[in-house]
Amino acid sequence: MVELDYDIVIVGGGGAGLYAALWAAENTILKVAVMTKVYPTRSHTGAAEGGINAVLTHSVGDSPEAHAYDTVKGSDFLADQDAVDIMCKMGAAVIYDIAHRGVPFSRRPDGRIAQRPFGGASFPRTCYAADKTGFYILQTLYEQCLKNNVTFLNEWFLLSIIHNGEKVEGITAWDIRNGGVHLIKTKAVILATGGHARVYWNRTSNALGNTGDGTAAALRAGLPLKDMEFIQFHPTGLAKTGILVTEGARGEGGYLRNKDGERFMKRYAPEKMELAPRDIVARAIQTEIDEGRGCGPNGDYICLDLTHLGEEKINERLPQTREHAILYEGVDPVKEPIPIAPTAHYSMGGIDADKFGRTPIKGLYAAGECACISVHGANRLGGNSLLDVLVYGRLTALEAVKYADEAPETNPSVAKAKDDEKRILELMEADGKEKVADLRRELGNVMMKHFGVFREEKSMKEGLEKIMEIKERAKHVKVYDTSKKFNTDLITALEFLNLVDLAPAIAVPAIERKESRGAHARKDYPKRDDKNFLKHSVIKRKEDGTYELSWKPVTITKFPPEERKY
Amino acid sequence: METAVLQVFRYDPEKDQAPYYKEYEVPVEGTLLNALLYIKDNLDPTLAFRAFCRSEVCGSCSMKVNGKTKLACKTPMKELVETWKGKPLRIEPLNHMKVIKDLVVDIDKPIEKMKTLIPWLVPDPRVVPTDPMHESIIYPEEMEAYKDQIHCMLCFSCYSACEAVADNERYRGPFAFSKAYRFQVDRRDIETAKEKRIRYAISGGLWSCVQCQKCLYVCPKGVKPAEDIQNLRGQAVKKGFTDKPGAKKLKHFVDWIYATGQINRLYLPEEVYGNKEAREKLTKAYTEMGVEVWEVPKPTKGLMKFRDIYLEILSKEDKALDLDYSHVRKIDKMVSDIFKADICTIVDKAHEEGRSSRGLISKLKGLLGGQ
Ligand code: SF4
Ligand code: SF4
Ligand code: FES
């Protein structure tokens, strides 16, 4: 068992991880390493198209305060307002910083960074770089990390977090390329492992690997997760794969139609029609499907009709949409409507962290989608995730540097690593009565059916039972590939087991939150209930494997809760 | 359901003596990536390949299909079956990189190579404010210069297809030059960094590219490394990095064509490789064979007009500075000495003799990299 020794280990090489690495590298001589299960530029930050919100010096009439208000309102008042305040105030600083490092933001004719309007924002404050904002940010941050000679452990998979109940001592990880469990000694750990919407395996816009590895490891290490019931559904995912059809398709004038060809949005948002906020459109689509007005042989999707836009406009404005529809759905939007349905898109919940990204364990931080700070509350605004990623990547880096500078050497025991080794061996020797692919599909279906766009007590309780059943059956999955090198069979199984650990953490608070707020829409409690539920859910896993739910107050500073109307 | 047979390259260096191919029957549905995931989920969980975003942005999944470089998540199975008319599809890992297992190759080396070309912005403090709250102004037009290069997603398709990589260990790879060039044309990047990039590009094989254009054809993101390499070469020449044979060759072509309308094969070995005997040997050999040789080509009608046009072409390509006038004057002097008159008179004489210079310009355009 090889031992590696660092001062700060950043787990995850996406936007948050790389920005943290950069700020750590530039501000300390401590030994910093980024550990990531894929090469950094593969990370899912690269798929973020829309943009990044920030009030810039030339945003006339706008203010960080207005941005904060929009964010809090969008969050359905569940966001912690002190954290939102920090994030919105740092907006301009991070935008200029990454622009100075080379991010090719789209510019106005006068050479300043261009901004456009985005859902839920009262001013046009979304900075963008064509329709590949996240991609350019990721590439630029990677370049800058190379420039700063950041140490990368590429293709390493996080197994466990080691702490002594008070402070973090190290982690264990699997070296994918060569095989083998490693004990990594470190004073500080920043978890930046991304979201877990892959729990909804069959219907998600997420990359194949967004399996909440850091969140699950934190849960297993006894750390609290917060607001896990909140999962954002994007209204238009391709029916077969869940791959995203950009909001632009509706922006350019696309219609949503049910099986009778009716533009049903007129019944849900008569004024805004197809351009109503994401959650409203997602719910409208789901209602149509649930009430038997879905299209196709199984009535399980809705049609996004672009045919009236004409080939020229589609080619010019929505080339990617056309390409993806043909490629993944076998439908040419010039001739036929695109089958779409809501798709799991973003996890608002995650590792419980405070406004500086600190967890209850000293030296352990969380940033980006895996964290719940919370700046998104019950519903995230478009353009706020990239901002969150950068602001908290940077803040946690500075916190970790400050901490690791003074923290004493740690002394992690090898027990965890031995355990992990055993766990992996057992997976290879299991009876194989169950197959990962089957269980993963089943879990995805259960989550979508019982914890999807709409939720309801009876159905959720059934769902939780099914989840627990799948969790039981998961003990029988087998890893068939026994080789050490690049064993993707093993990784697939570990990822699935992470998802299985996270599913109850979503289900339990979802059942107990007896109200509708943001992305959590309950049929049996259709109203928001500030009296009883203006609070964060906190879930922990106990030693015996059971899940324990508690609640925690929301920080409210400037904006008292009001009805969320658009 | 329609199916197709994939013959997938399998190799686990730990277990297998040699690579082998395994056949899998997969549904013709969705993309090649879907087919591979189908194999992994249903037929053989031990197959190793990389994939992440499944929507053409992360660059994980490039591989070869019947020898052609493809991005698995961008390649419809239907198209493959139609192209190869139902023949089995041979799926192999990319070239020029060590196989770690099955379709997974070691990409550390190309990344290391790229790193030597400073593929990052080195801000010029006169352009990029050091005050983090001060915006640096960039006009939309400026960004045109690097609008293609920034799409590179490090998929290494071009690296796999490149002839120069095959020939020259040191060759940095098409994408690496594109990544470097992106900063060469960014106003915010400091001049000293630009100089260094050129120097490192030259020692990284800038002149080894054979301009086969394969990189440009295989790139799934519309990056055009072959063009960027030409432009880097131009920059190298302009910056005076003319001590490499490639640069000298270019200089020889540009100068001789300008001066006489033709390249000079007799002088080429001497000017490019410093081989002083070649000229005499060649002259002797040609004479023995009874081929008429001129030490310098006889100027033709319209040469002066041609010079104007040629200069215009070069200026349009922003290459006018590539012309080395002292060299041209030397050639002029040679011409004058040999023909015992100054160059204008000779041209006039040629005119009187009624010789035609037609076809020269089109030939020249051909010589100038096909533009
Ligand atoms: S044009 Fe040059 S860089 Fe491109 S593939 Fe050919 S040899 Fe390689
Ligand atoms: S230039 Fe194109 S082919 Fe080459 S690595 Fe970049 S994206 Fe891939
Ligand atoms: S899986 Fe990301 S490019 Fe193919």
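Colleague: What covers the buried residues of α9(B)?

Modeller: Keeping in mind that this is a predicted model, the cover over the buried residues of α9(B) includes α6 (174–184), α7 (191–203), α8 and α10 (245–260) of chain B.

Colleague: And how many residues of α9(B) are buried?

Modeller: Ten of its 14 residues are buried, so α9(B) is mostly covered, taking buried to mean under 20% relative accessible area; among them are P225(B), D228(B), I229(B), L232(B) and R233(B).

Colleague: What span should the 14 residues of α9(B) have?

Modeller: At 1.5 Å a residue α9(B) should span 20 Å, and this agrees with its end C-alpha atoms, which are 20 Å apart. After α9(B) comes G240(B), which has a positive phi, near 90°.

Colleague: Switching to ligand 1, which residues are the closest?

Modeller: Of the 13 residues that surround ligand 1, the closest are C162(B), C209(B), C212(B), Q213(B) and C215(B). The shell divides into ten nonpolar residues, two polar and one charged, and α8 (214–218) and α9 (225–238) of chain B each supply at least two of its residues.

Colleague: Now chain A: is A378(A) buried or exposed?

Modeller: A378(A) counts as buried because its relative accessibility is 0%, and this residue lies in the loop between β19 (371–372) and α11 (384–406) of chain A.

Colleague: What is A378(A) in contact with, leaving aside its neighbours within four places in sequence?

Modeller: Its contacts include S75(A), D76(A), F230(A), M348(A) and R517(A).

Technical notes:
Residues are numbered from 1 along each chain as its sequence is written. Chains are lettered from A and ligands numbered from 1 in the order in which they are written. This is a predicted model: local features need pLDDT of at least 70, side-chain atom pairs count only at pLDDT 80 or more; totals for chains, interfaces and linings use all residues. Side-chain values use heavy atoms; hydrogens and water are left out. A residue is near a molecule or strand if one of its heavy atoms lies within 4 Å of it. Helices (H or I, at least four residues) and strands (E, at least two) are DSSP runs, numbered from the N terminus. Ala, Val, Leu, Ile, Met, Phe, Trp, Tyr, Cys and Pro count as nonpolar, Asp, Glu, Lys and Arg as charged, and the others, Gly among them, as polar. The expected span of a helix is 1.5 Å times one less than its number of residues. Buried means under 20% relative accessible area, exposed over 50%, partly exposed in between (1.4 Å probe, protein chains only). Contact means heavy atoms within 4.5 Å.
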